[in-house]
Amino acid sequence: MNIDWLSAAALAVVIILFVIIYLLQKRDVNFTYTILGALVAGVLVGIIFSGHTSWVMPIGKIYVSTLNAIVSPLIIISILSSITALKSTAQLKGIGIRSIFWLLMTTLLAILLSVGLGLTFGIGRNSYLSLNGVDAQTFENKVVPFAQVLVGFFPRNVISDIAEENIIPMILFTVLIAVSYVLVANEKQEKVLIFKNFVEAVKEIIFKAVDFIIGLTPYAVLALVVSATSNGVSRSGIIWSLLVLLLVSFLAFILDTWLINAVLIKAYAKLNPIKFFHKIIPAQIVGFSTQSSAGTLPITTGILTDKIGVDAKVANFTAPLGTTIGMPGCAGIWPVLIAIYGVHGLGIHYGLKDYILLVVISLFVSLGTAGVPGTATITTASVLTAMGLPLELIVLTIPISAIADTGRTATNITGAMVAAAIVGRQEQSLNDDIFNDIAAYEAEDDAEDEADNGVIDDVKGEAHAYAEEDVETVKSVMADKKVKVANAE
Amino acid sequence: MKYNAWKAVISFAFLLVLSLVVPRGQQLAYAAPLEDCDLDGYDDATGVPVPWPGYDETKGDTPAGPGTGKVSTASPTPAPSKAPTAAPTATPVPTAAVTVAPTKAPAKEADGSESSNKSSNGTSSNASSDKTSNDISGNSNNNNSSKANSSNIATAGSVAGATGSDTSTGSIASSGENDKGESGSKQANIRNTETTNTNTTSVNTTDTNTAGTGKSNTVEADANITDTKTTDIDAANKDTVNISDQEQTATQPLAGELETILNTKGVLEVKDTSGSLIHAGSSLIITGSGFAGNTNDLELELHSEALSLGTVSTIENGSFELQANIPETLEAGTHHIVVLYQGNEISRQPIQVGPRAADSFLEAISVGFTKENKGFLPGITVLAGLMLLGLVALAGSILIKPRGIKSK
């Protein structure tokens, strides 16, 4: 038996680098930096062991498969959790419907923006993607009749839909079950409480699993980039096109965050956009650096109630919902841009109907997302699967995805806060005095009084923490705040 | 003994009747199949001389048409060493058959058939043929010479040899004497009207040792030609090819085989080696299947610019694979991969070629703003639509009085 010693050596080097990544993670080195380091190391190892990385390649493939495996459970549990959080049909009809509508609307606008930018810049064109094991020409003439697509939206057999990764039928069925739960719970809450508890328990487990899988990303990036570089995939044409993709995605984040949201804030929340964005900067910064919508949630709700003036019942409902429904960055801009990049790079003939389908599917997928770092990878996998595009596109874009995750999270958080502000306005639950800082001093006094009573923390300290942009301080302050509120209650 | 004498007479009479009644072609059809795979001019199994090197009856080679006595003259030839070349020396006439080939006819010089003329006598001093063929590639077709020669030998004057898909107009002048005078001196004009002719090749053959005595009534003048010293072929007044290597000529297919090769339309599969879209500068893997098996020198070209990609040979099952690069300067659009044999198109496969890969950031960022980006207009339309929606929303918010503003 002939052993390719160079392949063995490549595997050994990769394993050593895995150990280094593990040590870096143990020392809490920034996730993005770790991925970028893995990217650089992967390129170097790929060049050194060019043509001898067949033993390394399975590692990356396993990651992609595992990622794909978590998509269906995550979507189902996220939707169930989101909708069953509505405690009554009244809430479902009022805040619930409005929140879902505006969260989806912000995502829809982000999707349309991405389609416009992606087509205009022609991202992926002339890049001639060569995906490992994927023949571009098999996608070239892929045509699915629209009627068939439309029929395929609806569930036929939920088990087979899950097994076959039919994302849209899966989502529709889950929404059906979730809404049914709310209707039943409205009358016989005790009877279905066990279901709610079950959903919440599973959600915790699934989110932990997602967290674990996402935590493996640096290892996967290393293995995948080694294989890709070794096989010559990372030729200049592809590298430049990936850079353009990154640039266009950040352009989309910027336009969505500060232009489209500004119009929404002005037109529907009747607030001054500049003042609004000035107030939410701390949340955006935390989201940008932590890349976690869920992790930024305490800050998001705090700013919504204390600085924007959104009523707590709206803020505490819409903002958390925004970490599982909507997410214009992770479920709107990124998956759509990746899909268009793949369509162009693989030379697939997409017509108007196909792009409409892409918009619709992306919107549906945005119903079930998770506010954890790297969730865009999962939503992208969902969109690509639903569109019949190769998952290997994710592999190709993972390195830049780590960088884009910063902008994505900030965009998600902004979208959720804009939706909350609009819902607050429409539900007449928005205090303009707070927004206009008229009640700022009173609020501060109140906060001091409450702090004296041991109920709430020091707002001044909180503001100081924001000013210093000390993420950890902000987190700990907000955690303390929650604990104190809980104790007071 | 008497009985034996009668038996001999009856047998002889029976054979005589048979030989008169049964057509000559049938006589030949029942001859033992001869096969000369090693191209030495002898049957591989029996050592019997064959009409021409490479002669293979199992593949349907016909040494002669009706009325030719090629086999019968070849078989009794006692001299084993030189007899084999006797058959190919029938090339003077055969060269007319060569002209049948679609491509430029080869010129051939064959020696060494002096001793094969024990059974034949005759002279073929000059055999010339003028031919035109539809040669496209201008390549010399050496393949057909020997086999086609035979057919023409067998059919001298009867044009049976011109069975290929390509036609030739040839005139064969040969002289010879046959002691029976059945076909002693013949002039034959061979005309094949199946194809158009573009080139003219004249074949002059001088035979210096062509004594032959025909014992069989099937002997043709061609068969009397046993030695060809020189063969000059003037192809299209510019190509003069002298071929002395009989092995080369032996590999040339018959006109029938040529027809088979050209009519066996295979299919092509063209892919980029990296699995990406085909584009200017791509490295292609061209896989062919369903072509005639064991065919050499299939030419692959990229059209419409007629760029040669290489030459391939098919294996037994008629498939081949070729890796070739297409130039970076190739214009984007539809092109064709064309398979040719001796300049004749066998099959073609359209391919869509994209422009060359963007190999700089500037090219990659500006690729959307070229006329090739058909998504530009829809993209701008979507962005403009969004902008319009935004303006409408803003205008609406100004016109409609705000509600729900609450003070603490």
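Let's start with Phe369(B), which is partly exposed at a relative accessible area of 47%. (Buried means under 20% relative accessible area, exposed over 50%, and partly exposed in between, with a 1.4 Å probe and protein chains only.) Phe376(B) also counts as partly exposed, at 29% relative accessibility.

Keep in mind that this is a predicted model, where local features need pLDDT of at least 70, side-chain atom pairs count only at pLDDT 80 or more, and totals for chains, interfaces and linings use all residues. Residues are numbered from 1 along each chain as its sequence is written, chains are lettered from A and ligands numbered from 1 in the order written, and side-chain values use heavy atoms, leaving out hydrogens and water.

## Aromatic pairs in chain A

Over all chains, the structure holds 11 aromatic pairs. (Rings of Phe, Tyr and Trp, the last by its six-membered ring, pair if their centres lie within 6.5 Å; planes under 30 degrees apart are stacked, over 60 edge-to-face, and the rest tilted.) One of them joins Tyr181(A) and Phe195(A): the ring centres are 5.6 Å apart and the planes at 40°, so this pair is tilted. It links distant parts of the chain, with Tyr181(A) in helix α8 (residues 167-187) and Phe195(A) in helix α9 (residues 189-215), 14 residues apart. (Helices are DSSP runs of H or I, at least four residues, and strands are runs of E, at least two, numbered from the N terminus.) Tyr181(A) is buried at 7% relative accessibility, while Phe195(A) is partly exposed at 27%.

Back in chain B, Phe369(B) and Phe376(B) pair edge-to-face, 5.7 Å centre to centre with 70° between the planes. Chain A also has an aromatic cluster made of Phe101(A), Trp102(A) and Tyr268(A).

## A buried asparagine

Asn412(A) belongs to helix α18 (residues 392-426) of chain A. At 2% relative accessibility, Asn412(A) counts as buried. Its side chain reaches the backbone nitrogen of Cys330(A) at 3.1 Å.

## Ile16(A) on helix α1

Finally, Ile16(A) is found in helix α1 of chain A. With 53% relative accessibility, Ile16(A) counts as exposed.

Definitions and conventions
A polar contact is a pair of N or O atoms within 3.5 Å; within protein, one must be able to donate a hydrogen and the other to accept it, and residues adjacent in sequence count only if both atoms are side-chain atoms.
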